[in-house]
Amino acid sequence: MTTVSATAAPRPLMILRLLLGRGAFRGSAQVMQFALVAVWGTLNYGPFANALGACAWLVFVPTAAEKSALKVIPRANATRDAIAGLSLRFAAAPVLLVVLALLGGLVIAPDSPATLYLAAACWHACTGLLMTVSGLNRLQGKPSLDALAFGAGAVLVVGATLATWLGGWSPRTLLLVLVAGLGVLVLAAVLRLPTAWVRPEPVRRRGLLPAFGRTTWLLGVSELFDAFSVSLVFLVLAASGRVSDSGPFYLALMSSSVFCSFLLYQLKLHQPRTSARLRGEGAAHGRARAASLMRAAERAGLAFAVLLAAGLALPPVREVLLADAGLTVWLVLGVLVLIEMAMAITLIYATYLLENTNSRILTSTSAAAVVRLAATAALAIALVPPLGAVGGFAAITLALSVEAWSLRRMLLRHHPELHPPATSRTADPTPTP
């Protein structure tokens, strides 16, 4: 059995190195987007941004296994090697399917728009796989490999961007080069894992495979559906004939996602210790804190809905919101990004606390993610055609509030002790059956 310091948090200096590695990767990806707008122009960049945005949810397919490993391994002992091996296979299997689909697309119709979308899908899926393998390397006590892998990824992105700038690469060529380079980094990271994790012995403990599979699905489905709800906006933009709005929407979305990604990464760095702390009696405190955060997100969403309705009712404000070009759009998007980012961070942390209490709550977090997906679809259909990128951000922000509302209601149903005490009326002495 491989020895793992599962609950030890990285030292502050190592956390800084990890953040610099991830930050360089995220920063280079953002710089690439702005450089590509300059190289290709807004109209040609739109389809590229739409492909990236529509497939972004695939990042969270492999990372579900990482979340499961970070939660389960600190509570395991004799089955650590088996769980790590399952995590690696659960993460790699969907990525291999996407890669095979891309290879088939390159053979059958290399110049079709579908191939561009498959290349974008591979880029996101391989990024998620690299995150999972890096998480496993952290669990085996080698966090520096995480920083090294994503630092090399930043070099890859910068080099490909420069080649596109100087050589006039097409979107498809750029994505294929990025996928190939990232595949090499993933393979190198996998080879640094213990042999017992890469080629584990057959699982002998009865029920371990279905139990870990269920945990992985329930832990991953909330992030997966949340990300797919954002991708839905890109699909609505394309269906409503506003593909050109995909560029401003994607660039504004990056500003929010970079902060949310850093928060998620910080939470993952501390998840093994949090998982151990929120067991048993500590779970009650985590649930109470999560309920308070979700209540705040509900109220913020309600206030935003009132302001949006009032703005659409006033002709001068409505004219600003309906603008489809110019500085006005970017100013409105900047305000919406700040609102959406604050609500997303609040809900991410609340969900994180709940996920590390016990496995029963995972059904509720998954159901709330489905509610958000449905709310985003309905709101996007209503708001995106007239408002474009502004309507997309409004739909995402309002759907976050709906998710917070639904998840808190489900939490209160299973834990009535979290209800705030009655202060304005006399409590009924008759016990509730």
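Predicted model: local features only at pLDDT ≥ 70, side-chain atom pairs only at ≥ 80, totals over all residues.
Me: Is Thr-115 buried or exposed?
Reply: Its relative accessible area is 2%. Buried means under 20%. Therefore Thr-115 counts as buried.

Me: Which residues is Thr-115 in contact with, leaving aside its neighbours within four places in sequence?
Reply: Contact means heavy atoms within 4.5 Å. With those neighbours left out, the partners of Thr-115 are Leu-102, Gly-105, Leu-106, Ala-109, Pro-110 and Arg-172.

Me: Which element gives the most to the largest nonpolar core?
Reply: This core has 88 residues. Trp-123 and Phe-249 have the most contacts inside it. The top contribution is 14 residues, and it comes from H5.

Me: How many residues are in the other core, the one with Leu-267 and Met-294?
Reply: This core lies apart from the largest one. Ala-297 and Ile-348 are also among its residues. Its count is 29.

Me: Which element gives the largest share of the lining of the largest pocket?
Reply: The pocket has a volume of about 390 Å³. Its lining has 19 residues, with Val-95, Leu-96, Val-99, Leu-129 and Val-186 nearest the centre. Helix H4 (80–108), H5 and helix H7 (171–191) each give two or more. The largest share, eight residues, comes from H4.

Me: How many residues in the lining of the largest pocket are nonpolar?
Reply: One lining residue is polar and one is charged. The nonpolar residues number 17.

Note on methods
Residues numbered from 1 in each chain as written. Heavy atoms only, no water. Buried < 20%, exposed > 50% of the residue type's maximum accessible area, 1.4 Å probe, protein only. Core = buried A, V, L, I, M, F, W, Y, C linked by side-chain atoms within 4.5 Å. Helix = DSSP H or I, 4+ residues; strand = E, 2+ residues; numbered from the N terminus. 1 Å grid on protein atoms, 1.4 Å probe; cavity = no way out; pocket = protein on both sides within 12 Å on 5 of 7 lines; lining within 4 Å. Points joined across faces, edges and corners; volume = space filled by probe spheres on them. Nonpolar A, V, L, I, M, F, W, Y, C, P; charged D, E, K, R; others polar.
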